[in-house]
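Thanks for coming. I will go through one structure, starting with a strand and its partners and then moving to the aromatic rings.

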Amino acid sequence: MPTPLGAQGWRSYAPIILVGLLGILVTWLIFARVSDLERHRRHSAFSEAARDRLLVIQREVTYALGVVQDVGSFFDASRHVTRRQFREFVGPALKRNEGIKSLQWVPRVVAEERDRFIFEARRSFHPYAITERRPDGALKSASARPIHFPVLYVQPYSEHKALLGLDLASDADEHSALRNAAQAHALRVSVPEPIASATGEQSGFTAYLPVYERAAEEEGGDSGETEVLPAQELSPRLRGFAIGLFLVRDLVEQALGTLGPSGVDMGFFSSEPESLGQPFYFHLSRVRTNQPANQADGQDVDRPEYRDEIVVGNRTWTVVCNPVPGYFERDSWSGYLIVGGGIAFTLLSSVFLLTSLGRAEQVRRLVAQRTVELEGSNTALNKEIAERRRAEHALQILNVTLEQRVARRTGEAERRARDLEQF
């Protein structure tokens with residue numbers, strides 16, 4: 001049976017303790033490194049998925065705004081466009097892009113040309129009239145003003161026929177947007193705001209593109225100068241505006257429909273100060289099915305997040321992407337395997353060293369025991385040898401004594417024999 005280590009004490013366990021500490025340290029370092037790699041892999045995979053979605057959304061938004069540019073180019077290249085030509089030109093774009101709620105052509109009509117403009121418009125649409133909205137929302141004949149911006153063409157007509165003839169100059173916000181676009185001589189986009197649609201209220205924005213007389217561009221288009229005039233004194237070279245109304249949800253969902261679901265939620269934020277950090281649209285990943293997003297989704301401190309911007313005309317939208325719970329998670333099994341393997345290896349090494357030290361100690365004890373036994377045997381043997389030497393010495397002395405006695409007796413016998421012979 002093994003006995004305590006003896007004089008060496010606990011110092012015999014120093015190699016085992018050292019191996020255990022080194023094993024735990026190496027296991028922790030490997031676990032930390034693998035965790036960092038796994039976290040980096042998780043964030044990289046999520047960032048790549050989010051970036052792909054932002055790219056297709058940016059492409060879809062750019063295409064949608066390009067449709068307004070195409071409408072403006074169409075009117076720029078054609079001095080006279082009929083209602084049918086407008087419908088045939090914008091029809092394919094409306095079918096292809098569900099995010100375009102409407103496309104409009106809004107000419108600039110000065111007060112002196114109002115009657116003639118209405119007369120020409122009624123040739124293709126008899127009930128046409130320039131109107132404006134009353135405070136209760138009903139339409140009435142537009143009031144006299146220096147410049148009118150009535151909607152002449154709008155598609156799809158069946159959904160927006162109430163807009164036909166509506167004077168955008170009668171609405172302060174619309175008139176301001178038209179004036180800003182005209183003064184900038186470039187496409188301008190409004191801030192996203194709620195818009196009623198067939199699928200319910202959703203966020204939308206409007207793009208305004210001013211169209212000028214071609215001769216005006218040839219004369220002063222390369223000068224780089226823009227006119228800054230009051231609203232009633234907008235450049236007489238201005239022909240009108242190509243206007244597009246877009247629905248954010250339909251644009252985003254149509255763009256993401258080209259990609260498979262990957263567990264990425266997206267919040268869209270306007271760069272305007274009045275947005276107050278509230279998203280004007282929130283896209284729930286299709287992997288959620290009917291599961292809504294909630295505040296608990298954002299409690300994971302290690303939850304990856306991706307932020308980027310989408311350029312929408314003269315504005316930028318900030319898009320914040322977050323993963324759906326259960327997606328882009330860390331592979332915890334690899335960490336558990338590393339920890340389990342490291343602990344098992346450390347235990348096996350410690351047991352092996354403990355066994356080796358136990359065997360060495362057992363051998364040492366056996367050697368010591370055998371040494372003691374050999375020393376005892378040697379002592380007994382030396383004692384026996386000494387006793388034998390003493391016996392041999394005593395025997396030698398006895399032999400000498402016997403020889404002396406024999407010699408003395410032999411002399412006495414010879415003397416007695418001589419005495420007898422003499423007698």
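Let me start with strand 8, residues 193-195, which pairs with strand 9 in the antiparallel sense over three bridges. Strands here are DSSP runs of E with at least two residues, helices are runs of H or I with at least four, and both are numbered from the N terminus. Two strands count as paired if DSSP finds at least two bridges between them. In this pairing, Glu193 stands opposite Gly204 of strand 9.

A word on the source: this is a predicted model, where local features need pLDDT of at least 70, side-chain atom pairs count only at pLDDT 80 or more, and totals for chains, interfaces and linings use all residues. Residues are numbered from 1 along each chain as its sequence is written, and side-chain values use heavy atoms, with hydrogens and water left out.

Back to strand 9, which has other partners. Strand 7, residues 188-189, pairs with strand 9 in the antiparallel sense over two bridges, with Val189 opposite Ala207. Strand 10, residues 238-247, also pairs with strand 9 in the antiparallel sense, over nine bridges; there Pro210 stands opposite Phe241.

Is strand 9 buried or exposed? Eleven of its eleven residues, 202-212, are buried, so the strand is largely enclosed by the rest of the structure. Buried means under 20% relative accessible area, exposed over 50%, and partly exposed in between, with a 1.4 Å probe and protein chains only. Both faces are covered: Tyr208 is among the buried residues on one side, and Leu209 among those on the other.

Ala177 lies in helix 5, residues 172-184. Ala177 and Tyr208 are 31 residues apart in sequence and 7.5 Å apart in space, C-alpha to C-alpha. Ala177 counts as buried because its relative accessibility is 17%.

Now the rings. The structure holds 14 aromatic pairs. Rings of Phe, Tyr and Trp (its six-membered ring) pair if their centres lie within 6.5 Å; planes under 30 degrees apart are stacked, over 60 edge-to-face, and the rest tilted. Phe74 and Phe75 form an edge-to-face pair, 5.9 Å centre to centre with 80° between the planes. Phe280 and Trp317 are also edge-to-face, at 5.0 Å and 70°. Phe280 lies in the loop between strands 11 (264-270) and 12 (281-283), and Trp317 in strand 14 (residues 315-323), so this pair ties together parts 37 residues apart in sequence.

Finally, ring pairs link Phe74, Phe75, Phe86, Phe89, Trp105 and Tyr153 into a cluster.
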